[in-house]
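Reader: I have a structure to go through with you, and I would like to take it residue by residue. Could you answer my questions as we look at it together?

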Amino acid sequence: MCCMHHHNPPGGGSKQWEHSAPSAGENKLQEEKPLTMGFGRKVYSVHNHVGVLDPWPFYESEEPISPADPGPATSEELTRFMECRGIEKCLIMPNYGIPVQEQPFRLNELVVRLCREGKGRVAGALWVSGLPQNRELTEKALTMLDEPGIRALKMSYLLGGTPDPRKWDEATLQLHEKIFNEARERNIPIHFHTSPGGSSDITNFFELIKRYGKDLKIHLVHMGGGVSGHIRLISQWRDLIEGGYQVYIDSSWAIGFAVRRLLKEIDQTGIGVDRFLFGCDEPWSDYEGEFWKIQGAPISDEIKERVFWANAEEQYFSKLV
């Protein structure tokens, strides 16, 4: 997702609003009709958010609003979500987007439960944070890493901090290295949100990749984020891959020119053929648009098969039981 912020609510920035979002049982997924466009093609999505997100007074809004539909909150809803889109396997992670540090941590247990009930079709990413104020919550999340189906960690600097290790103080450095060590020991990727400008700009990630990317799997969602991020990431793609950096991407929220250009380059050179994955980023994006970015690209079907499922199988699902 590319989360949005806000003006602070009356009474303090950490106050949560009483939400009026649909309950799990009222989720619109129950009313959704199956899409048929992708049926017949095997599709795994490695970027999907689960759980209800409380309404928030985003930007100039005077009243709390819910910009996106709630994510699946039960196994039945997740199964329905997948079946309606023809998704065979998916990687799930907490929904987030409001400026409350604790909010995405509270959905980690939902991720664990949905993975347990996923019958080998659902893998999960746990929310962690490198901000020292979230140390206790992050350490609790790390204790769940060995739960069945947990195959990644999820981090975003939209809620504060920076991925640039040159700007970390000692406490921030220690917490990041604890998170990275846990991921390395299990050989699992960390999902990092990217978006143009601000702390999540791709330029802030290059030093992190340089320091840690040779023995840490770094999954950059949104392909670097926006036009500037796409151009910067694509211009360094060959050097990153041939330099031995373990960089992965998904094309959710990516702009068409960048997806076509990089896929054609991969098709022609084979460089990074195992690093490009499909993610629909629902409920913030839409499966239809994300699917056609890949399906409609002028590349070989062999590459499409890699992107739609084979790379995901190798990276996230091969060890699921």
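Reader: Is His222 buried or exposed?
Author: A word of caution comes before the answer: this is a predicted model, in which local features need pLDDT of at least 70 and side-chain atom pairs count only at pLDDT 80 or more, while totals for chains, interfaces and linings use all residues. Residues are numbered from 1 along each chain as its sequence is written, and side-chain values use heavy atoms, with hydrogens and water left out. His222 is found in the loop between strand 6 (218-220) and helix 7 (226-242), where helices (H or I, at least four residues) and strands (E, at least two) are DSSP runs numbered from the N terminus. Buried means under 20% relative accessible area, exposed over 50% and partly exposed in between, with a 1.4 Å probe and protein chains only, so at 2% relative accessibility His222 counts as buried.

Reader: What is the phi of His222?
Author: Most residues other than glycine have a negative phi. His222, a residue other than glycine, has a positive value, with phi near 70°.

Reader: With which residue does Arg85 meet in a salt bridge?
Author: A salt bridge is a side-chain nitrogen of Lys or Arg within 4 Å of a carboxyl oxygen of Asp or Glu, and a search of the whole structure finds 17 of them. Arg85 lies in helix 1 (residues 75-85) and its partner in the loop between strand 8 and helix 9, 197 residues apart, so that the pair links distant parts of the chain. Both residues are buried, and the partner, at 2.9 Å from N to O, is Glu282.

Reader: How far apart are the closest N and O atoms of Glu290 and Lys293?
Author: Being three residues apart in helix 9, Glu290 and Lys293 are separated by about one helical turn. Glu290 is buried, with a relative accessible area of 3%, and in the salt bridge that Glu290 forms with Lys293 the closest N and O atoms are apart by 2.8 Å.

Reader: Why does the pair of Phe278 and Phe308 count as tilted?
Author: Rings of Phe, Tyr and Trp (its six-membered ring) pair if their centres lie within 6.5 Å, and planes under 30 degrees apart count as stacked, over 60 as edge-to-face and the rest as tilted. Among the 13 aromatic pairs of the structure, the rings of Phe278 and Phe308 have their centres 5.4 Å apart, and the pair is tilted because their planes are at 55°.

Reader: To which residue's backbone oxygen does a polar atom of the Asn311 side chain lie at 2.9 Å?
Author: Asn311 has its place in helix 10 (residues 301-317) and is buried, with a relative accessible area of 2%. The backbone oxygen at that distance belongs to Phe276.

Terms used. A polar contact is a pair of N or O atoms within 3.5 Å; within protein, one must be able to donate a hydrogen and the other to accept it, and residues adjacent in sequence count only if both atoms are side-chain atoms.
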